[in-house]
Every structure is written in C-alpha cells, then in structure tokens.
Amino acid sequence: MTRKNAALNGFTNMQFTIANVFNLLTDLYKAGNRSYDFIILDPPAFTKSSGTVKNAIRGYKEINLKAMRMLPRGGYLATCSCSHFMTEPLFRQMLHDAAADADVSLRQIEARQQSPDHPILWNVPETDYLKFFIFQVV
C-alpha cells in the first residue's frame with residue numbers, strides 16, 4: 001500500500017523496510033550509518049496498563065537512545081507515545097535520560113498533543129494519551 005501511494009504521488013526515490021525497530025536501529029548504528037537527517041519514532045503503545053509502565057519506559061528509551069546516536073549534529077528527531085499510562089512527565093524524563101546516555105544535547109522544536117478530533121476530557125484521564133516532540137540534535 002505504501003509503495004502504491006508513493007507511486008501515485010510521483011515519489012520514486014523511496015526505500016521501504018519492514019523490520020523490528022529495535023533490531024533495525026541496532027544494526028544501522030553498528031554499521032556506522034549516520035546518514036539520516038530526520039528520524040521519526042511513532043511506535044504503537046508500549047503499555048496499556050499501569051503494571052507495564054517500567055517495561056515501556058525501557059522500550060521507549062532504547063529506541064530513542066539509538067535514534068539519537070544515529071543522528072548527526074543538526075539532525076531532527078520526532079518521537080511520540082500514544083499510551084495514556086506513559087504520562088508526559090515520564091516521557092520527558094525518559095527523553096532526558098536517553099539524551100544523556102547518548103551524549104547529545106537536544107533543542108526542542110515543538111511539543112504537541114492529539115488533534116481536536118480526539119478531545120481530551122478532563123474527567124476521563126485516558127483521553128489524554130498522545131505526547132509528540134520534535135527535537136534537533138545540537
């Protein structure tokens with residue numbers, strides 16, 4: 001479907017890879033691949049309950065750390081979490097820790113939440129679920 005959509009839009013210089021992102025980022029990094037200017041991390045929810053938040057933090061940190069290490073100075077990282085249980089303070093702390101471990105400094109370009117067609121109801125905490133950040137490695 002992605003190939004068809006790219007062709008319909010006239011894009012011919014695209015590559016498509018189906019892979020486990022944990023393994024792919026590791027393999028690309030080990031191969032010395034730092035040719036990416038922009039990495040987008042949009043994983044499925046790594047946790048759907050409060051009991052698995054610690055594992056989710058580890059998973060989010062692993063992919064963000066690897067992506068940060070792959071980006072050159074001036075490169076951009078877009079990263080998000082769509083899990084209500086991965087709160088914004090937890091997500092921000094994980095990003096801070098990943099940047100420290102990757103030995104990079106991040107400049108926040110943008111922070112967003114879900115669009116208005118997914119309203120946040122203050123009396124229904126589960127509706128506040130999307131965290132989205134864009135950073136530049138500086």
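Modeller: Four strands make up an open sheet with mixed pairing, in the order S1-S2-S4-S3. Strands here are DSSP runs of E of at least two residues, helices are DSSP runs of H or I of at least four residues, and both are numbered from the N terminus. Two strands pair if DSSP finds at least two bridges between them. The model is predicted, so local features need pLDDT of at least 70 and side-chain atom pairs count only at pLDDT 80 or more, while totals for chains, interfaces and linings use all residues. Residues are numbered from 1 along each chain as its sequence is written, and side-chain values use heavy atoms, with hydrogens and water left out.

The edges of the sheet are S1 and strand S3 (106–112). Each of these has a single partner strand, so one side of each is left without a neighbour in the sheet. On average, neighbouring strands are turned by 15° against each other, direction ignored; the axes behind this angle are lines fitted to C-alpha atoms, for helices over the stretch in contact, and angles in general run from 0 to 180 degrees between N-to-C directions.

Strands of a sheet pair through backbone hydrogen bonds, in either the parallel or the antiparallel sense. Taking the pairs in sheet order, S1 and S2 are parallel, with four bridges. Within this pair, Ile39 stands opposite Leu77 in S2. Next, S2 and S4 run antiparallel over six bridges, and Leu77 has Phe135 as its bridge partner in S4. S3 and strand S4 (residues 131–137) are also paired in the antiparallel sense, over six bridges. Here Glu110 has Ile134 as its bridge partner in S4, and Arg107 has Gln136.

How far are the strands covered? A residue is buried at under 20% relative accessible area, exposed at over 50% and partly exposed in between, using a 1.4 Å probe and protein chains only. Five of the six residues of S2 are buried, so S2 is largely enclosed by the rest of the structure. S4 is mostly covered, with six of its seven residues buried. For the chain of 138 residues, the buried share is 31%.

Rings of Phe, Tyr and Trp (its six-membered ring) pair if their centres lie within 6.5 Å; planes under 30 degrees apart count as stacked, over 60 as edge-to-face and the rest as tilted. The whole structure has six such aromatic pairs. For Phe38 and Tyr76, the ring centres are 6.2 Å apart and the planes are at 45°, so this pair is tilted. Phe38 lies in strand S1 and Tyr76 in strand S2 (residues 76–81), so the pair ties together parts that are 38 residues apart in sequence. Phe38 is partly exposed, at 44% relative accessibility, and Tyr76 is partly exposed too, at 29%. One aromatic cluster is formed by Phe22, Phe46, Tyr60, Phe91, Phe133 and Phe135.

A pocket is found on a 1 Å grid over the protein atoms alone, as an open set of points where a 1.4 Å probe fits, with protein on both sides within 12 Å along at least five of seven lines; lining residues have an atom within 4 Å of a point. The largest pocket holds about 700 Å³ of space, a volume being the space filled by probe spheres set on the grid points, which are joined across faces, edges and corners. It is lined by 20 residues, of which Thr17, Leu24, Leu28, Tyr36 and Ile40 are the closest to its centre. Helix H2 (21–30), strand S1 (38–41) and helix H3 (53–70) are the elements that give two or more residues to the lining. The lining has 16 nonpolar residues, three polar and one charged.

Asp103 lies in the loop between helix H4 (88–102) and S3. Its phi is near 60°, a positive value in a residue other than glycine. Most residues other than glycine have a negative phi. Asp103 is exposed, with a relative accessible area of 71%. Gln113 is in the loop between S3 and S4 and is partly exposed, at 41% relative accessibility. The C-alpha atoms of Gln113 and Phe132 are separated by 6.1 Å, although these residues are 19 residues apart along the chain.

Methods. Nonpolar A, V, L, I, M, F, W, Y, C, P; charged D, E, K, R; others polar.
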